[in-house]
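Try each task before you read its solution.

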Amino acid sequence: PLCLPSLRGEGRALLRRGPQLVPMLSVPSVQLLQVRRQAPPPVRDAADAASAYTVVGRRPGLHPRSRLKVRCSGEADSAGSQSVKRTVKYSIFDTAEVTYDGDKKPVYRDNAFDKFMIGFFANRMAAAAGVPPPKHATYKDLVDISFQVMRRQKTPEAQKNASLGVMLGLMPDREKSARMFKTLFPPTKWSCEVNAWITVPFFGWLVGPCSLGETDVNGVQQKSVVKIERCRYLEESGCTGMCVNMCKSSTQEFFTDTFGLPLTMNPNYEDYSCEMIFGLAPPPIEEDDAVLQPCLKTCATAKLSDSPCHQVPKSTRLAA
């Protein structure tokens with residue numbers, strides 16, 4: 001039988017084309033619903049077979065009509081090995097998309113909402129950095145300004161507070177907004193699952209495609225995990241310190257301390273994935289695994305060694 005090149009992920013399906021059986025096309029973070037053939041040309045190799053199909057899946061836990069569409073195509077390099085190019089739709093109404101092509105840099109096509117949020121946060125971060133706001137800010141502008149904030153705010157605590165201040169600035173009346181949130185979303189299973197469900201379409205502008213997952217939180221099984229497939233912010237910056245101080249630490253404090261809804265974020269620096277677990281209280285940042293991570297080779301400010309990144313808080317484990 002002819003095998004399609006495999007992708008990372010959990011969803012699988014058997015494809016039939018006439019008398020031939022094409023086993024196991026894998027699609028990341030998707031529960032497969034159906035596989036539609038795009039074109040009827042003869043199948044000569046795995047690349048032809050992959051390009052002949054569109055895979056349509058559904059994000060777990062969402063409305064039945066809310067689907068995550070993935071287009072797959074296969075290519076063979078000079079050595080004959082297979083690489084797979086795929087396009088994933090995400091964000092509000094699946095109107096944004098990103099194309100992954102092996103180890104190449106992903107290509108994002110932001111929708112109007114994503115562009116607005118990128119510009120809004122870039123302008124707020126520019127104010128925190130004390131630099132002029134960019135005109136028609138792009139995602140690269142947002143990351144560049146984040147680096148300027150890090151250069152201006154020398155300590156991890158100051159960098160976290162700068163990012164946290166931008167988040168708090170979204171609320172017209174912080175105390176009133178926090179009280180309202182705590183009333184509407186007490187720390188229950190329902191609140192955690194609803195916030196995770198909301199995060200999937202509305203947080204993609206910053207991190208890229210997300211999906212819902214299930215985990216055990218304090219002995220309770222709940223769908224309150226947001227699985228970020230390949231964090232755009234981490235990959236674009238390539239910076240451990242920016243991830244820990246200006247995303248992980250500030251976002252955890254925003255939900256846990258300001259809104260009273262525990263949130264733990266677990267970034268993976270190998271494949272740029274991340275998990276946001278609503279309902280799970282985070283450990284003190286000095287005891288977190290993330291502060292043991294060395295600088296990434298792709299970071300513009302990296303000090304390459306096996307020691308933890310010089311930008312993150314010092315780990316109490318090392319002190320012990």
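**Exercise 1. Describe how α4 and α9 cross and pack.**

Step 1. Take the handedness. Helix α4 passes α9 in a right-handed crossing. A crossing is right-handed if the near helix is turned clockwise from the far one by less than a right angle, and left-handed if anticlockwise. Helices here are DSSP runs of H or I with at least four residues, strands are runs of E with at least two, and both are numbered from the N terminus.

Before going on, note the source. This is a predicted model, in which local features need pLDDT of at least 70 and side-chain atom pairs count only at pLDDT 80 or more, while totals for chains, interfaces and linings use all residues. Residues are numbered from 1 along each chain as its sequence is written, and side-chain values use heavy atoms, without hydrogens and water.

Step 2. Take the geometry. Helix α4 covers residues 156–168 and α9 covers residues 240–258; they pack at an angle of about 60°, with their axes 8 Å apart. So α4 is oblique to α9. Axes are lines fitted to C-alpha atoms, for helices over the stretch in contact, and angles run from 0 to 180 degrees between N-to-C directions. Under 35 degrees counts as roughly parallel, over 145 as roughly antiparallel, 65 to 115 as roughly perpendicular, and the rest as oblique.

Step 3. List the contacts (heavy atoms within 4.5 Å). From α4 come P156, Q159, K160, S163, L164, M167 and L168; from α9 come N245, M246, S249, S250, T251, E253, F254 and T258.

Step 4. Sort the residues of this contact of α4 with α9: 6 are nonpolar, 7 polar and 2 charged. Nonpolar means Ala, Val, Leu, Ile, Met, Phe, Trp, Tyr, Cys and Pro; charged means Asp, Glu, Lys and Arg; the others, Gly among them, are polar.

**Exercise 2. Now set α3 against α9.**

Step 1. Their axes lie 11 Å apart, and the packing angle is about 80°. Therefore α3 is roughly perpendicular to α9.

Step 2. In α3, the residues V143, S146, F147, V149 and M150 meet G241, M242 and M246 of α9.

Step 3. By class, the contact of α3 with α9 counts 6 nonpolar, 2 polar and no charged residues.

**Exercise 3. Find and classify aromatic pairs.**

Step 1. The whole structure holds 11 aromatic pairs. Rings of Phe, Tyr and Trp (its six-membered ring) pair if their centres lie within 6.5 Å; planes under 30 degrees apart are stacked, over 60 edge-to-face, and the rest tilted.

Step 2. F120 and F121 are edge-to-face, at 5.8 Å centre to centre and 70° between the planes. F120 is partly exposed at 23% relative accessible area, whereas F121 is buried at 13%. Buried means under 20% relative accessible area, exposed over 50%, and partly exposed in between (1.4 Å probe, protein chains only).

Step 3. F255 and F278 have ring centres 5.4 Å apart and planes at 85°, so this pair is edge-to-face. The pair links distant parts of the chain: F255 lies in α9 and F278 in strand β12 (residues 274–278), 23 residues apart. F255 is buried at 15% relative accessibility, and F278 is buried at 0%.
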